Amino acid sequence: MHLALYTHASCLRHEPGAGHPESPARLRAVLEALDTDRFAVLDRIEAPPATREQLQRAHSADHVARIFALAPQAGESQRVDADTAMSEGSLDAALRAAGAVCRAVDDVLDDRQQRAFCAVRPPGHHATHTEAMGFCLFNNVAVGALHALSRGLQRVAIVDFDVHHGNGSQDIFAADARVMYASTHEMPLYPGTGLRRETGVGNLVNEPLPSGGGSGEFRAAYRERVLPALDAFAPQLLFISAGFDAHRLDPLADLNLDAADYAWVTHELVAIARKHAQGRVVSSLEGGYSLTALRQSVPAHVSALLD
């Protein structure tokens with residue numbers, strides 16, 4: 001079994017501003033945590049930039065053009081919305097983040113790899129068809145999912161365990177029955193979407209978790225609803241929007257997961273992929289703002305992908 005790590009140095013050069021929680025230190029913590037003997041077996045692959053054609057499968061041409069136009073000059077910054085900013089390195093970082101997922105899809109579908117973890121930033125799951133928001137410029141996993149469909153697959157699934165609901169992914173796929181989107185997330189919390197009644201065309205599974213909830217509520221949501229729905233959908237490729245901000249140490253939310261919960265859910269998702277998708281999984285980093293939690297949780301997730 002081959003598992004590849006996709007990343008690029010440009011993803012460290014996205015600087016949203018002093019004190020911003022989505023800092024380069026996040027990715028440095030992830031890469032340092034994976035720089036051990038345990039993960040020496042990983043193929044390490046440099047992420048290419050996504051093409052405009054790939055981006056415009058998930059985003060409007062106007063949105064893509066706006067992000068390109070907003071790219072600041074050296075030493076400058078540009079505010080995209082109240083939470084989201086761009087620096088000189090942000091455009092290339094965003095292109096590499098989406099490009100990593102597309103390259104991972106190609107490698108998995110062409111049998112060069114079986115699974116992939118994309119250690120990239122900025123994250124993506126809040127970016128809608130027409131808007132950047134919530135620290136996200138392009139929706140990396142959505143771009144990758146539509147790239148997979150362009151390669152001839154008929155059914156792909158995205159499972160999102162970030163503590164914040166992936167409103168952008170839901171926006172892009174709510175009317176697309178080829179894509180199942182399943183999310184567990186804290187509610188109430190930004191961005192305010194992800195109610196259980198939001199079901200799209202029968203392809204959305206939203207499982208809100210109560211503030212203060214922990215392992216019991218999280219695992220029950222997967223056992224009782226998410227995993228059975230995935231099994232029934234029978235995806236040919238499984239994507240994971242891997243946010244680690246439901247960890248008890250995260251400063252931006254109030255759930256109480258730990259690394260063991262991320263290992264557990266990843267094992268369960270790999271089992272679904274083995275049953276329906278030839279074991280094929282592409283995971284991409286979303287949120288997670290405690291460096292300690294990232295150093296604990298990402299290795300647990302990647303170990304489960306290896307196992």
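Colleague: Hi! What should I know about this model before I look around?

Modeller: It is a predicted model, where local features need pLDDT of at least 70, side-chain atom pairs count only at pLDDT 80 or more, and totals for chains, interfaces and linings use all residues. Residues are numbered from 1 along each chain as its sequence is written, and side-chain values use heavy atoms, with hydrogens and water left out.

Colleague: Thanks. At what angle do α1 and α9 pack?

Modeller: Helix α1 covers residues 24–33 and helix α9 covers residues 291–306; they pack at about 40°, with axes 9 Å apart. Helices here are DSSP runs of H or I with at least four residues, strands are runs of E with at least two, and both are numbered from the N terminus. Axes are lines fitted to C-alpha atoms, for helices over the stretch in contact, and angles run from 0 to 180 degrees between N-to-C directions.

Colleague: What do you call that arrangement of α1 and α9?

Modeller: The angle makes α1 oblique to α9. Angles under 35 degrees count as roughly parallel, over 145 as roughly antiparallel, 65 to 115 as roughly perpendicular, and the rest as oblique.

Colleague: Which residues make that contact?

Modeller: On α1 they are Ala25, Arg26, Ala29, Val30, Glu32 and Ala33, and on α9 they are Leu291, Leu294, Arg295, Val298 and Pro299. Contact means heavy atoms within 4.5 Å. By class, the contact of α1 with α9 has eight nonpolar, no polar and three charged residues. Ala, Val, Leu, Ile, Met, Phe, Trp, Tyr, Cys and Pro count as nonpolar, Asp, Glu, Lys and Arg as charged, and the others, Gly among them, as polar.

Colleague: And which residues of α1 are buried?

Modeller: Those are Pro24, Arg26, Leu27, Ala29, Val30 and Ala33. Buried means under 20% relative accessible area, exposed means over 50%, and partly exposed lies in between (1.4 Å probe, protein chains only). The cover over the buried residues of α1 includes β1 (3–7), β5, β10 and α9.

Colleague: How far does α4 reach?

Modeller: From first C-alpha to last, α4 reaches 29 Å, close to the 28 Å expected at 1.5 Å a residue. The expected span of a helix is 1.5 Å times one less than its number of residues.

Colleague: Where do α4 and α5 meet?

Modeller: The α4 side has Ala94, Ala97, Ala98, Val101, Cys102, Val105, Asp106 and Leu109, and the α5 side has Asn140, Val141, Val143, Gly144, His147 and Ala148. Their classes are 10 nonpolar, three polar and one charged.

Colleague: What comes after α4?

Modeller: Asp111 follows α4, in the loop between α4 and β5. Its phi is near 65°, a positive value in a residue other than glycine. Asp111 is exposed, with a relative accessible area of 61%.

Colleague: What about phi of Gln278?

Modeller: Phi of Gln278 is near 55°, also positive in a residue other than glycine. Gln278 sits in the loop between α8 (259–276) and β10 (281–285), and it is exposed at 56% relative accessible area.

Colleague: Which residues does a cis peptide bond join?

Modeller: One joins Arg121 and Pro122, with omega about 5°. Another joins Met187 and Pro188, with omega about 5°. Pro122 is in the loop between β5 (115–118) and α5, while Pro188 is in the loop between β7 (179–187) and β8 (204–210).

Colleague: Last one: how do α7 and α8 cross?

Modeller: Their axes come within 11 Å and cross at roughly 10°, and α7 and α8 are therefore roughly parallel to each other. Their contact has nine nonpolar, two polar and six charged residues. Gly216 lies in α7 (residues 215–233), and it is exposed at 53% relative accessible area.
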